[in-house]
Amino acid sequence: MSDAETPPETEFDPVAPNTGEEFEPVDVFPDSDDFDLRPGADSCYKCSTCDTNCPVAEVDDDFPGPKFQGPEQWRLKQSDDDHEIDDSVMDCSNCMRCDNACPSGVPLSQMHNTARGEYVSEQMDKLSVEYIRNRILANYRTSAFLASKVPRLANFAMNFGPARWVMEKTLGVTSERDFPAFAKQTFRDWWADRGGQVQSRENAKAARKRRGLPEDADKKVAYFHGCYSNYNTPEVGKAMVRVYEEFGYEVVAPEQKCSGTPMFANGMLDDARRHAETNVSSMSELVDEGYHAIASCTSCSMALRQEYPELFDIDGIDKVAENTFEAVEYLRIHEDLKGEVQAADVDGDLAEEFAYHAPCHSRNQGLDRQAVELFRDLDGAEVEDVGDSCSGISGTYGWKEEKYEKSMEIGEEMFEHMEHAEGETGMTECPTCAMQMEHGSGYEIRHPLELLEAALVE
Amino acid sequence: MAIESEVLVIGGGLGGLTSALAAAREGADVRLVSYKQSTLRQASGLVDVLGYTPDGDGPLTDPYEAIPSLPETHPYRKVGVQTVRDALSLFDDAVPTYEGEHTDTNALLPTHGGSIKPTARYPAGASAGLASDTRDTLLVGIEEMVDFDAPHVAAHLDATGVPFDVRGETIRFPGDLRADAKVTRYAKLLDTNSEVAVRGRMVPAREALAQRVNPLLEDEERVGFPAVLGDDNPGAIRDTLSDHLGVDVFEVPMGPPSLPGLRLEDALFSALDEAGASIETGNPVVDFDGEDRIEKVFIEKNGAKIPNSADQYVLATGGFVGKGVESDRDGVYEPVFDCHVPHAADRYDWFEGELFGDHEFARYGVATDGDLRPLDASEHNEFENLRAAGSVLGGYDFAAEKSGSGVSIATGYAAGQRAAQEAR
């Protein structure tokens, strides 16, 4: 008789507890500053729903998708010390749609950001054209800062054919796109000329009086305008200020740098951290004084709310995340915005039918339906949703020569829907989505705050 | 202040969506909030009402006939047969691409595992595949999609005694997609009918697919594919394939991520949008204010708590899988409002030793009164303005009975309609 036929006596019962009273979960990987792909990976049960949401995987057959980039890559790394991050991680556009898809709450975008950070810091050749190009694209604020000093020259030079041909050949920046125009006057210059915080306090006080609110009401917000509304579309920043003042809020525009979104997407986590430190420090001081941080760009609010606390450990970072809001969202929570919009109407320039596209980063904050639902009852304007596809540009992604085609293929569905929509003016909260919408349809693109200003501000 | 509505529905699955739709059609100002995207992406897209009795008898021919004999605790008994019928009418109206409303009798549909499932409503794309249909069938598997092994599925179906001959063949999908391509890749390729290379010649994808299947077809009168035939234009794709093959084409529902589930999700969200409801997904409800009445709930966004207030609330957060019911070593609980979940005190009474045994946990969920309001341990209403719908409810085992969608639709409809009436 073999041993197999008479198993040794054992207490083991498959349905009885076998961990014992003394079971203690072990901290397998003690705190360390190394890149760690682990958080949440064990919750992934491979349902692949994230993959069906990935706009890149939908058009790019070589991209293995979010499930591979996150939890699977973590497992490979754990079972093989020499496993390196797969270079396909650079094809992820950081739209973060996978986060919203996962029924188990696996923080996929955090894993991708971490993996990309490790790939860039440890595997990428710092002298390669790709690295240099990505770094220039990711540090858009620096280029924009310089360009804004000479906006007319910059607008000409950046779209000067031969120069763009050279940029494509040497740096891999596509020559298919038009560079966004730089404003003649930045938002911050306008803000300073207008009288800054002192003037805003006056305006807010006057509005409170007009509305019959106590003059000393504690209504104050710190505006995170981001690079784009500062250098390129100051009209969005101005609309934000005017709308908030109309509701009696005093606005401040604290010192700030790039939110870091293009840096996360390119794995430049050191650059991102430097900028985040400035932003967190100025915002957290204001939060202590009772301010809330308000952003008009949904990628900026996404960065402050989610990516900062996921990736960095900076003093005050959680406090800033908890007190950051998207500009329209904040008013929906604290004011009777719906009622005010229902009672209002628009005429003139903004009495339009808008083809609205919800940016992926607004989707992740649960704001993708906000503009459509808010303006439903506004007389004089119509806002039509052009569907849930990704615009395809994803910040710097669509600017890369090798990604341009893919970016347009992803955007195809949105372009078609825009064409079928009634309106010939586009609307979105995201500056780069706006760029793509304009590029693919030729429409002029506005921000919901501009419509809100037209409706509510005298 | 808070974000306000008359009826606030928590949960974006079939129960939550039906509930919001019923309330909106009743004229209420409705807001639906869901932690993540709808779990319909995980669903087959088939709408079962009742396939088997709790004792395992079945498949049932007429589900409505069996409802009055269900145990009193069963959600169908709380709402009654007429409500189940009314709720399905609402569904039929909102999702016109579904079939099965012409009869009370359950349809029998082949599954991707090769079994036969009794179901009440099914997508038009599955209708040519009915197991009661006697036409001979060819199942076509795709080499890279290991979830659907066509010869194996055919053998299983044959063993169930279906009244037709069935055979399985496996092909390479045209277009050389990667070995583990996403289901959306296949769908997109067929939706756009993009050209793919076939023996050096460029051919539209639908035609190329038909060309792969044509030589395999013998005298079968219908061909079944795994459910990858398009996301936006499934009808047009089936028509093109039918024309090229000269036979009817159908899809066999697949596991998650499921295209029929995605299409159903799209249809219900558009119906909800048309009815004027507000929808927000991406963040969980984590807390609430109120004692006997719920005053407001809080949605968490990375630490920020966004207040949402309403007159009436519907809890449709799902069961154990959807995380609307959770358990730990101390017990079973409902995490949002901490509603009482009746369960055995000893954890070892929650389940059976056998994998497919009669597990008690499968029936765990909140208990309600006849108005679907959750009850506490002493059988009093937890809150006067809260109703529950869908798999968060206890007293039934949807997996064994094949009643998941039907209970979600029926209780969602009842809860939404009553909430709206009370909020008016």
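**The sheet**

In what order do the four strands of the open sheet in chain B stand? The order is β9-β8-β12-β13, with parallel pairing. Strands pair here if DSSP finds at least two bridges between them. Strands (E, at least two residues) and helices (H or I, at least four) are DSSP runs, numbered from the N terminus.

β9 (166–171) and β13 (248–252) of chain B stand at the edges. Each has a single partner strand, so one side of each lacks a neighbour in the sheet. Neighbouring strands are turned by 25° against each other on average, direction ignored.

**Basis of the model**

This is a predicted model: local features need pLDDT of at least 70, side-chain atom pairs count only at pLDDT 80 or more, and totals for chains, interfaces and linings use all residues. Residues are numbered from 1 along each chain as its sequence is written, chains are lettered from A and ligands numbered from 1 in the order written, and side-chain values use heavy atoms, without hydrogens and water.

**Strand pairing**

β8 (residues 137–142) of chain B pairs with β9(B) over six parallel bridges. Thr137(B) stands opposite Val166(B) in β9(B). In β12(B), the bridge partner of Thr137(B) is Arg222(B). Three bridges join β8(B) to β12(B). Five link β12(B) and β13(B), where Pro226(B) has Val252(B) as its bridge partner.

**The enclosed strand**

Five of the five residues of β12(B) are buried, so this strand is largely enclosed by the rest of the structure. Buried means under 20% relative accessible area (1.4 Å probe, protein chains only). Arg222(B), Gly224(B) and Pro226(B) lie on one side. Val223(B) and Phe225(B) lie on the other.

Definitions and conventions
Axes fitted to C-alpha atoms, helices over the stretch in contact; angles between N-to-C directions. Buried < 20%, exposed > 50% of the residue type's maximum accessible area, 1.4 Å probe, protein only.
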